[in-house]
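Here is a short briefing on one protein chain. Look at the structure first, then read the points below.

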Amino acid sequence: MRKFLDGLYNVAAYAAALFMVSILVCVLLLIVGRQVGWYIPGLNAYAGYSMAAASFLALAHTFRHNEHIRVTLVLNALNPKWRHVLNLLSLFIALVLAANVAYYSIHLVMESYEFNDLSVEEDATPLWIPQLAMAIGSVLFAVALLEELVRTFITKKDVIASSTAE
């Protein structure tokens, strides 16, 4: 199961990287277009959609590789038992929050599709399309948090303790 999930997180990370490249392309086209006097309608919106997609799709991968910023000052001051308990508690709270974001992201995509919401920008893109990346990324992040919570609970090993000792 872990191998499958890691593969899924990697696919999302590669997609996030492609969206980052698309941000670069959109911005470069806007800059060059301004210099030569042409304009592509909706390019600003596509840069924004790409930024949101890159941000959300990268969440699970960066969490899985312990690259999220964590405030470990308090955790490092505690003995290992309390550090473990506080880590479990923080993972649980993060999971509840991420699951809430995932639920409402999915709900937003479904409503946008149902009501045929269109972008107010010049592109008039159906909003459920760019919102889908946010929903997928938030679901993957919630799954990564659940996986880490279960792993930490069962093995009693904290990623935080091992990463801060380096």
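Helices (H or I, at least four residues) and strands (E, at least two) are DSSP runs, numbered from the N terminus. The model is predicted: local features need pLDDT of at least 70, side-chain atom pairs count only at pLDDT 80 or more, and totals for chains, interfaces and linings use all residues. Residues are numbered from 1 along each chain as its sequence is written, and side-chain values use heavy atoms, leaving out hydrogens and water.

**Transmembrane regions**
- An unreviewed UniProt entry lists residues 12-33, 45-63, 84-106 and 126-146 as "transmembrane region".
- Residues 45-63 are 95% helix and 0% strand, with end C-alpha atoms 28 Å apart.
- Residues 84-106 are 100% helix and 0% strand, and their end C-alpha atoms lie 32 Å apart.

**Helices α5 and α6**
- The axes (lines fitted to C-alpha atoms over the stretch in contact, with angles from 0 to 180 degrees between N-to-C directions) of α5 (residues 80-115) and α6 (residues 128-155) come within 8 Å and cross at roughly 155°.
- The two helices are therefore roughly antiparallel (an angle over 145 degrees).
- Lysine 156 follows α6 and has a positive phi, near 60°.

**Salt bridges**
- A salt bridge is a side-chain nitrogen of Lys or Arg within 4 Å of a carboxyl oxygen of Asp or Glu.
- The whole structure has three salt bridges.
- One of them pairs arginine 2 with glutamate 147, with the closest N and O atoms 2.9 Å apart.
- This pair links distant parts of the chain: arginine 2 is in helix α1 (residues 2-36), glutamate 147 is in α6, and they are 145 residues apart.

Key:
Parallel < 35°, antiparallel > 145°, perpendicular 65-115°, else oblique. UniProt positions renumbered as here; feature names shortened; annotations may be inferred.
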